[in-house]
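Subject: Structure handover

Hello,

Here is the structure for your work. My notes on it follow below.

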Amino acid sequence: MWTYRAPLRDMRFVLEHVLQAPESWAHCADWHDLDLDTVEQVLREADRHARDALLPLNAAGDRAGCRLERPVDGGPTTVHTPPGYREAYAAFVEAGWPALPCAPEWGGQGLPLVVDAAVREMLVACNHGWVMYPDLLHGAYETLAAHGSDELKARHLEDIATGRTLAAMALTEPGAGTDLGVLRTRAEAATDGSLRIHGQKIFISGADHDLTQQVVHLVLCRLGSDAPPGTKGITLALVPKWLPDGTRNAWQVDSLEHKMGIHGSATCAVRYEGATGWIVGEPHRGLAAMFLMMNSARLHVGLQGLGHQEIAVQNARRYAAERVQMGRPIEQHAAVRHLLLRAEAMVWAQRVIAYRAARAIDEAHHHADADARRSAGAMAALLTPIVKAFCTHHGFHSAVLAQQVYGGYGYTAEFGIEQTVRDARIAMVYEGTNEVQAIDLVQRKLLADGGAALAALLDECAEAAHGAPAEFAEPLAREIAAARHAAQAVLAAPAVALEVADDVLHGLAHTLVAWACCAGARALEHLAADAWSTATRERLRYGVRGLLPQAAAHWARVEATAAAAD
Ligand SMILES: Cc1cc2nc3c(=O)[nH]c(=O)nc-3n(C[C@H](O)[C@H](O)[C@H](O)COP(=O)(O)OP(=O)(O)OC[C@H]3O[C@@H](n4cnc5c(N)ncnc54)[C@H](O)[C@@H]3O)c2cc1C
């Protein structure tokens with residue numbers, strides 16, 4: 001049996017006591033009267049929806065996969081999703097879930113992104129393949145809201161916000177993966193102000209499907225014959241499936257990828273043959289506009305890692321309580337006990353870190369004070385690559401640890417863990433590989449501002465030590481000191497930054513783990529003891545002694561590499 005129950009008490013505790021989300025909302029005009037009881041109702045309902053509508057389709061969708069239909073008359077191909085996906089999506093739209101963080105003026109519910117983050121964690125835990133379809137909606141909505149013309153917004157924005165239209169993000173080409181500067185899809189301006197797009201894209205998630213009538217692609221292309229080379233000559237275009245006059249646009253899916261996991265998600269090779277599109281933002285400045293969509297997507301992908309870990313660990317914990325070897329449940333064997341505690345502590349810390357990033361994005365857009373918006377923006381920019389890379393790295397590796405708990409049964413398709421391992425793997429690759437996230441962190445976030453945003457983050461982490469038990473405050477102080485020292489070493493030897501980028505990212509992520517455990521332990525001090533708080537404190541203790549020693553290896557490599565460069 002593969003089951004799921006959202007950790008609602010953990011989620012509320014993190015929002016209320018660790019991140020003080022209601023205090024943050026009080027500074028935002030749109031949410032000053034939002035209360036946690038209302039939010040908890042939303043989360044309860046999301047948990048029920050994820051379990052009832054999505055979890056039952058998870059294994060079946062994995063087995064069935066997607067199907068490409070090629071009409072015999074040579075007409076455009078059609079993509080069919082696994083049985084049940086269409087109905088589940090209709091119910092999802094009907095219940096208003098796609099619109100949760102979108103503005104009410106476009107049909108949205110206007111809730112904070114941090115609430116949406118908790119909902120997404122649940123959805124992806126229950127069915128990653130299915131979630132791939134609505135996962136890009138919010139990024140597309142934000143990109144169009146910020147950069148689309150009034151005409152494009154009027155035509156598409158409300159349908160995207162409410163989920164009646166689904167969106168795909170078309171960047172990758174056969175020769176252009178990480179290096180988007182060499183992409184070749186081209187666009188010509190037509191006399192009516194629209195564009196004609198020609199080219200081939202690969203690996204496009206949800207480029208076509210049968211969940212909605214309309215699908216819009218946000219396509220990166222080169223406009224005109226005089227587009228500057230490299231990333232400075234890339235334009236963003238919106239290319240719908242159906243044109244305003246009701247005719248089918250000139251693109252189609254050539255093939256579907258056969259892949260390791262997320263079989264329910266259609267990963268498409270797309271051919272544009274003079275397809276009609278409309279520019280989004282300025283000519284040749286498409287990559288900057290697309291970054292809005294990619295940043296939103298990077299947080300979501302980090303939440304995919306978190307969701308995978310939560311469901312993997314929940315099920316492994318239950319299996320370990322039931323499976324008896326050597327006369328006792330395997331959870332009582334030290335190796336299994338520690339493995340589970342380690343994975344549970346990691347999930348707890350990552351939830352705090354991911355929701356902190358979501359809170360920063362909320363404040364960057366909605367805080368009443370301009371300075372607070374600016375510093376929240378810098379915090380969001382710093383945390384986003386960490387959340388994407390750290391949560392997805394452990395999304396996969398904790399799933400493998402959980403698989404180990406199942407012994408040989410974990411290798412069979414009988415239990416859901418084998419699918420989770422396969423599904424979780426892709427999150428380390430797409431939305432910018434984890435190596436790219438590390439480069440982004442050191443080059444654009446650390447070196448670019450001389451470490452200012454990092455210093456602000458570490459100052460915030462240090463505050464958590466005040467009033468916290470010494471067993472948490474002291475390790476946190478040590479981790480912060482090590483992070484400051486290593487950051488100085490990198491700033492003093494920028495030539496080694498790329499070599500140590502991955503270690504910097506994981507070292508800093510462990511500092512945040514120390515912060516999350518300390519902030520959690522401090523908040524627990526003010527709660528009456530019960531079974532949940534006792535178990536949570538134990539998890540946090542394990543986080544300190546079981547997870548933090550990893551940080552030393554990362555920092556040692558950073559220091560040694562920087563020293564060797566002297
Ligand atoms: C299931 C799936 C769904 C996807 N969905 C989408 C989608 O919806 N839209 C879309 O546009 N794309 C999508 N992609 C594509 C995905 O974003 C790319 O696969 C990813 O960006 C990596 O590109 P690549 O595969 O060409 O690998 P490459 O760029 O060739 O990279 C190969 C390896 O080299 C490393 N590397 C490359 N350059 C550098 C560098 N400068 N420094 C350090 N390391 C480097 C990478 O980290 C990686 O480990 C999807 C892919 C898959 C498999």
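**Ligand shell**

β3 (165–170), β5 (195–205) and α13 (434–447) each supply at least two residues of the shell around the ligand. Helices here are DSSP runs of H or I with at least four residues, strands are runs of E with at least two, and both are numbered from the N terminus. A residue is near a molecule or strand if its C-beta atom, placed from the backbone, lies within 6 Å of it. The shell holds 18 residues, and L171, G177, T178, S205 and T433 come nearest to the ligand. By class, ten are nonpolar, six polar and two charged. The classes are these: Ala, Val, Leu, Ile, Met, Phe, Trp, Tyr, Cys and Pro are nonpolar, Asp, Glu, Lys and Arg are charged, and the others, Gly among them, are polar.

**Before you read on**

This is a predicted model; local features need pLDDT of at least 70, side-chain atom pairs count only at pLDDT 80 or more, and totals for chains, interfaces and linings use all residues. Residues are numbered from 1 along each chain as its sequence is written.

**Nonpolar core**

The largest nonpolar core has 195 residues. Such a core is a set of buried Ala, Val, Leu, Ile, Met, Phe, Trp, Tyr and Cys residues joined through C-beta atoms within 7 Å. Buried means 20 or more other C-beta atoms within 10 Å of the residue's own, exposed means 12 or fewer, and partly exposed is in between, with C-beta atoms placed from the backbone. L218, A237, V490, V504 and C518 touch the most other members. Take V490. Beyond four places in sequence, V490 is in contact with V442, L446, V496, A497, V500, V504, V558 and A562. Contact means C-beta atoms, placed from the backbone, within 7 Å.

**Helix packing**

Helix α5 (residues 113–126) packs on helix α10 (residues 334–366) at about 145°, and their axes are 8 Å apart. Axes are lines fitted to C-alpha atoms, for helices over the stretch in contact, and angles run from 0 to 180 degrees between N-to-C directions. The crossing of α5 and α10 is right-handed. On the α5 side, L113, V114 and A117 make the contact. On the α10 side, the residues are A354, Y355, A358, R359, I361 and D362. Seven residues of this contact are nonpolar, none are polar and two are charged.

A360 is also found in helix α10. A360 counts as buried because 26 C-beta neighbours lie inside 10 Å. Beyond four places in sequence, A360 is in contact with A376, M379, A380 and L383. A360 and A372 are twelve residues apart along the chain, and their C-alpha atoms are separated by 9.8 Å.

**Positive phi**

Most residues other than glycine have a negative phi. Which residue in the loop between β10 (324–325) and β11 (328–329) is worth a look? That is M326. M326 is not a glycine, yet has a positive phi of about 55°. With 8 C-beta neighbours inside 10 Å, M326 counts as exposed.

E431 also has a positive phi, near 60°, and is not glycine. E431 is found in the loop between α12 (417–425) and α13. E431 is buried, with 28 C-beta neighbours inside 10 Å.

**Other sites**

- W97 is found in the loop between α4 (85–94) and α5. W97 is buried, with 24 other C-beta atoms within 10 Å. Beyond four places in sequence, W97 is in contact with H49, F92 and V119. W97 and Q214 are 117 residues apart in sequence and 18 Å apart in space, C-alpha to C-alpha.
- N58 is found in helix α3 (residues 36–64). N58 is buried, with 22 other C-beta atoms within 10 Å. Beyond four places in sequence, N58 touches C126, N127 and G416. The C-alpha atoms of N58 and P82, 24 residues apart along the chain, are separated by 10.0 Å.
- S149 is in the loop between α7 (137–147) and α8 (150–161). S149 counts as partly exposed because 15 C-beta neighbours lie inside 10 Å. S149 and R9 are 140 residues apart along the chain, with C-alpha atoms separated by 43 Å.

Best regards

Key
Two residues are in contact if their C-beta atoms, placed from the backbone, lie within 7 Å. A crossing is left-handed if the near helix is turned anticlockwise from the far one by less than a right angle, and right-handed if clockwise.
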